[in-house]
Amino acid sequence: MINNSQQSKDTTPLLHREGQGGGSALKQIAILGSTGSIGTQALQVIAAHADRFEARILTANNRWQLLAEQARQFLPAAVVIANEAHYEALRDALSDLPIAVYAGADALCQVVESDEVDMVLTAMVGFAGLPPTIAAIRAGKPIALANKETMVVAGELINRLCREHQVPILPVDSEHSAIFQSLIGEVSPIEKIILTASGGPFRTFTKEQLQTVTPQMALRHPNWDMGAKITIDSATMMNKGFEVIEAKWLFGVEPDKIQVVVHPQSVVHSAVQFADGAVKAQLGVPDMRVPIQLAFSFPERLQSDFDRLDWFTMHDLTFERPDTDRFRCLALAYESLHQGGNMPCIVNAANEVVNRAFLVGNCAFLEMADIIEKTMQRATFIQQPTYEDYLATDKEARRIAAEQTHPSPSL
Ligand code: NDP
Ligand code: MG
């Protein structure tokens, strides 16, 4: 008999609630960040399964024209443009349609609470995803979690709220979806998580070469086509560090049991090792629509026309140790987990600042880790942060990090 009961550790949220998505009514999905890489792929999934899903709410920050186009196609009940400067343009563009138009960060929190919303996909980028994710959890909405920064900043708080409100989190990040899929049916503890990493565009670069890499080079990811922020985070491997933190909170596993393994082909999306030495992994062609669709349809799997693995052209699947000397951001993320409290929040804020600074030429590639480390030393440490502490920490750490950026002569 297949046993679909789950690991029940007190520190984990309700990851695998049974029976969602199986009803006959269309599942109404709010997409926070519908104009981004994850958001647009989520809309492709919804369009392909119009008999199962409906886009109830769409949101963006600045790209109001694209948001208006999406609204025209998917006819959601409401749209939100976070940057209020674009409100009138968006409202005018949609004036002939019965779609409510809102603006501002608070509106993001309000729309997810609507009774009509069945699931919230958090596909916004950065710390800005935290308040609406919390609002959605408080309103009892299942979360399809793409916005990993939420778990990095406040994983403990998110888990507590998910338990209080009986809200499941369905991971969208490909690695966490792979871990989640590997855990289905297991009742025994995890011995180790094998978190795979592509290694990014600079995997084979020496430290000397890393000194002069440009944003354009960093934006060319070998396997995934993603938003700019996460693409830069992948180049520094901070993305993998964040995923270690995300895995700790999603699966209740301590950092020393999360092994990062560089796997440049991105076919093995991650794996779990158990007490008997067995390892279960999920494999597939790199395509974010697979984990997005599964988060929407779980526990069912829906038909797709996505590419299939071709076993006879995969000649090399290779695995390497990560190099934390060249990719120090990965070590800093582990360090922040060991320190706990608001330290991951400090790292996230500093990282958002240096990520942006690197993109616009105000910080060299290797300097990013230096600035994050100095910010970790200077920002106020809080062992047991509240929600308000996270907001204050984010502000303080951003200020400290920003003070250290400057136009870089090498770029
Ligand atoms: P993008 O930059 O492509 O898209 C971000 C979306 O969020 C856009 O819709 C953007 O609006 C909106 N947004 C940005 N800032 C704000 C803000 N301050 N307030 C409200 N909305 C905002 O990002 P991705 O789709 O690549 O990533 C989204 C999240 O998913 C990130 O947390 C990332 O780490 C995670 N993720 C992404 C993966 C990927 O393959 N892309 C894989 C795994 C995780 P606008 O278009 O108007 O700027
Ligand atoms: Mg990932």
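This report describes the domain interface and the salt bridges of a predicted protein model.

**Domains and their interface**

The chain of this predicted model is divided into domain 1 (14-172), domain 2 (174-286 + 309-325) and domain 3 (340-411). Taken over C-alpha atoms, the centres of domain 1 and domain 2 are separated by 26 Å. Their contact draws 16 residues from domain 1 and 18 residues from domain 2. Between them, domain 1 and domain 2 bury about 1500 Å², and 70% of this area lies on carbon and sulfur atoms.

Polar and charged pairs also cross this boundary. Two salt bridges are counted between domain 1 and domain 2, and six residue pairs across the interface are in polar contact, with both residues at pLDDT 80 or more. On the side of domain 1 that touches domain 2, the elements giving two or more residues are α6 (148-165) and β7 (169-171). Helix α6 gives the most to that side, with seven residues. By class, the side of domain 1 that touches domain 2 has nine nonpolar, four polar and three charged residues.

**Salt bridges**

The count of salt bridges comes to 20. Side chains of opposite charge can pair when their charged atoms come close.

| Pair | N to O distance |
|---|---|
| K229 and E149 | 3.0 Å |
| R52 and E300 | 3.0 Å |
| D96 and R72 | 2.8 Å |
| K229 and D233 | 2.9 Å |

The salt bridge between R52 and E300 has its closest N and O atoms 3.0 Å apart. This pair links distant parts of the chain, 248 residues apart: R52 lies in the loop between α1 (37-48) and β2 (53-60), and E300 lies in the loop between α12 (289-297) and α13 (328-339). R52 has a relative accessible area of 16% and is therefore buried, under the 20% limit. E300, at 32%, is partly exposed.

D96 and R72 form a salt bridge at 2.8 Å. They too link distant parts of the chain, 24 residues apart, with D96 in the loop between α3 (87-93) and β4 (100-103) and R72 in helix α2 (residues 64-74). D96 counts as exposed because its relative accessibility is 53%, over the 50% limit. R72 is partly exposed, with a relative accessible area of 40%.

K229 takes part in two of the tabulated pairs, one with E149 and one with D233. K229 and D233 both lie in helix α10 (residues 228-236), four residues apart, about one turn of the helix. Both of these residues are buried.

**The network around K148**

A network of salt bridges links K148, D173, E175, K240 and E243. K148 lies in helix α6, the helix that gives seven residues to the side of domain 1 touching domain 2. With a relative accessible area of 5%, K148 is buried.

Which residues does K148 touch, not counting those up to four places away in sequence? They are D173, I230, N239, F242, E243 and E246. With D173, the side chain of K148 makes a polar contact of 2.9 Å. F242 is 94 residues from K148 along the chain, and the C-alpha atoms of K148 and F242 are separated by 7.2 Å.

Terms used:
Residues are numbered from 1 along each chain as its sequence is written. Chains are lettered from A and ligands numbered from 1 in the order in which they are written. Side-chain values use heavy atoms; hydrogens and water are left out. Domain bounds come from an automatic or database domain assignment. Contact means heavy atoms within 4.5 Å. Buried area is the accessible area (1.4 Å probe) that two parts lose on being put together, summed over both. A salt bridge is a side-chain nitrogen of Lys or Arg within 4 Å of a carboxyl oxygen of Asp or Glu. A polar contact is a pair of N or O atoms within 3.5 Å; within protein, one must be able to donate a hydrogen and the other to accept it, and residues adjacent in sequence count only if both atoms are side-chain atoms. Ala, Val, Leu, Ile, Met, Phe, Trp, Tyr, Cys and Pro count as nonpolar, Asp, Glu, Lys and Arg as charged, and the others, Gly among them, as polar. Buried means under 20% relative accessible area, exposed over 50%, partly exposed in between (1.4 Å probe, protein chains only).
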